[in-house]
Amino acid sequence: MWFPRLASDRVLRLRPIEAPFALTLRRNNTERIHCLNARAEEMGLHRGMPFADARAFCPDLHSAPAHPARDARFLAMLRRWATRYCPWVGFEAEDGLVLDITGSAHLFGGETAMLGDMHARLTRAGLTVRLGLGATRGAAWAFAHFGGTAVHAGADRDALGRLPVAALRLEAETVTALERLGLRTIADLAAAPRAPVTRRFGPGVLMRLDQALGALPEQITPETEPPHYGVRLTLPEPIGLVGDVMAGAGRLVERLCARLKENAAGARVLCLTLRRVDQASQQVELRLASAMRDPARILPLFERGVGAADAGFGIDQMRLEATVIEPLAPEQLGAVPSRKGAGGDRLEDLITRIGTRIGLENVRRFLPADSHIPERGFLVAPAAWSRPEGAWTLLRPRPPILFRPEPIAGTGPRPPGQFRWRRMSFETAMATGPERIAPEWWLDDEGWRTGVRDYWHVQTRQGRRLWLFHTPQAPGWFVQGEFA
Amino acid sequence: MGFAAAICAQGAGQILWIREAWRSETLNPTGLGLFFDPHRLLWASVTTQTDALAVAEEALKDGAILLVVIELTNALDLREGRRLQLAAKAGQTTGLCLIPEGMGSNAAETRWYCAPLAGDGRMDSTLMRWALIKNKSGTLGTWDVRWDHAARRLDVVSPAGERPGSAPAPD
């Protein structure tokens, strides 16, 4: 299947125009014609022509910018459609599809009837299509592009031999060079001695020839269809009660989870779209603390979001999609201790429920880090994306509360006997230290520009136990933490 | 703070610590490691006290968590306190509110006043005075306690010559 005007047909399907029409694409700093319809071609325009020239030739030319990415999506859609004829459908360049109909033609009443059906359906859809049928992929390409008619089904070696060498998917220079040698048709090339042709043009020419004649095999690679994790439910009558919506969501969740289970995957983010009668839609997003596919666990988590949704005049369609998927292997029950640690599933559900209120990133846990700097001795990680791993090492007592260093008055290398901190006065009863901590020179930290710190554990007569430090390189005393 | 950490050290379940995001002090897990395994600690950072209470209620009701610690800045009203109390009963979970002085809720089962005490000469002293100032189901009392880091255990200390709580601590 070759769609010679795929891009312009796609645009004209959405907005039919009975006039010369062209799509422009900016290439090499010039607007050039990317694709055009038959009326425009009759006016003498052609692809690759500068757009300004085209406007001069044809003042009533309609135009629109081209979107190659959308064209590619459109072709992918056509590819999915084409699997109605056979399962083996691949892409051919940017504007063609290749189908291996071996064994499926009889389902449509033979090859000719099948091609007729394809042509009729595509034409009705507003697409220009050229179909070619051949014993090999190369032959089919040749008939589609150079067969002369829109549907070319009669395919034997003689018919192929009469086609020009350009039908062999060769580059333009090679084709010109072959024609200069007098090798105008495929039959000419097949009859020519092989060794001189290879010596002159490289192995590519004869490889294409052999592929077209069937001497070399050529595969069709069907695209893999990624599994689609979306289910929908359309209701005959609009609903509005939370209980009804939850019942509908329950059915959707069950179907989605069955699909997830087939593919050994688990959903991480779910999105429930509630379409209302007045065409507005509401989305309920659920971010889960871990990948899961257990309907009984997922459904209660939707309650909060569904309760907050505004049903308006009623909801008549619900769609549930798993937008983020993670692989989730089936887990053996019971025999192996769970890797999730204490709490397990219940804890994850709780994190999810809390996360719907305050954001899943705001439920955190501490992980050990390898640093002597007190404020870098730990990492803060979202609980939903981390596991409690790593060992906590504690060489010297550290305060459970840390704050930014707060300066106090004091001189000398020993802790001051009396000092004021946060508008309270303290008398030092006892001080242990110093514990010298040097900055990590490989990380530039503003707080540590004052150089090494001598930490003291100071017990005051007032009872509070503070963590003080002295910076000998830029003399000063600071409080950085409080012991319990 | 020491009280909360010592309570956290009891049992082996998960602990949820709820604090508001604007606070400049941070919990230091290396320091908390003196009391319990920091891997048991989950930490919810919330923006408002309403969120903090909602999260606390959810966690208390669920029962998957052993202890919920909430740091509060404003006093709880009767409704909020009662809701937390009901949630804790439903989930069989302990909730601990760290409140500024004099802002206790009527719904609380017990209320403690904790202050550090000056040491008695031992350097690694963690001497604290815990006063039970409200108890719905028992008597009040005052204890001088010390946390034993090595054994991860609480020692009740009786100062020589006085019964615990009999005399005010020398300030």
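Two strands count as paired if DSSP finds at least two bridges between them. In this predicted model, strand β14 of chain A (residues 401-408) and β2(B) meet that condition, with two bridges in the antiparallel sense. Within β2(B), B:Thr26 stands opposite A:Leu402.

This pair belongs to an open sheet of seven strands with antiparallel pairing. The order is β15(A)-β16(A)-β17(A)-β18(A)-β19(A)-β14(A)-β2(B). A:Phe419 stands opposite A:Phe426 of β16(A).

## The side of chain B that touches chain A

Contact between the chains involves 42 residues of chain B and 40 residues of chain A. On chain B, at least two residues each come from α1 (2-8), β2 (26-27), α2 (29-32), β3 (41-46), α3 and β6 (110-116). By class, this side of chain B has 23 nonpolar, 14 polar and five charged residues.

## Helix α3 of chain B

Helix α3(B) covers residues 49-62. Its 14 residues should span 20 Å at 1.5 Å a residue, and the end C-alpha atoms are 20 Å apart, so the two values agree.

The helix is mostly covered, with eleven of its 14 residues buried. Among them are B:Leu53, B:Val55 and B:Leu60, and also B:Asp51, B:Glu57 and B:Lys61. After α3(B) comes B:Gly63, which has a positive phi near 85 degrees.

Conventions:
Residues numbered from 1 in each chain as written. Chains lettered and ligands numbered in written order. Predicted model: local features only at pLDDT ≥ 70, side-chain atom pairs only at ≥ 80, totals over all residues. Helix = DSSP H or I, 4+ residues; strand = E, 2+ residues; numbered from the N terminus. Expected span 1.5 Å × (residues − 1). Buried ≥ 20, exposed ≤ 12 C-beta atoms within 10 Å, placed from the backbone. Contact = placed C-beta atoms within 7 Å. Nonpolar A, V, L, I, M, F, W, Y, C, P; charged D, E, K, R; others polar.
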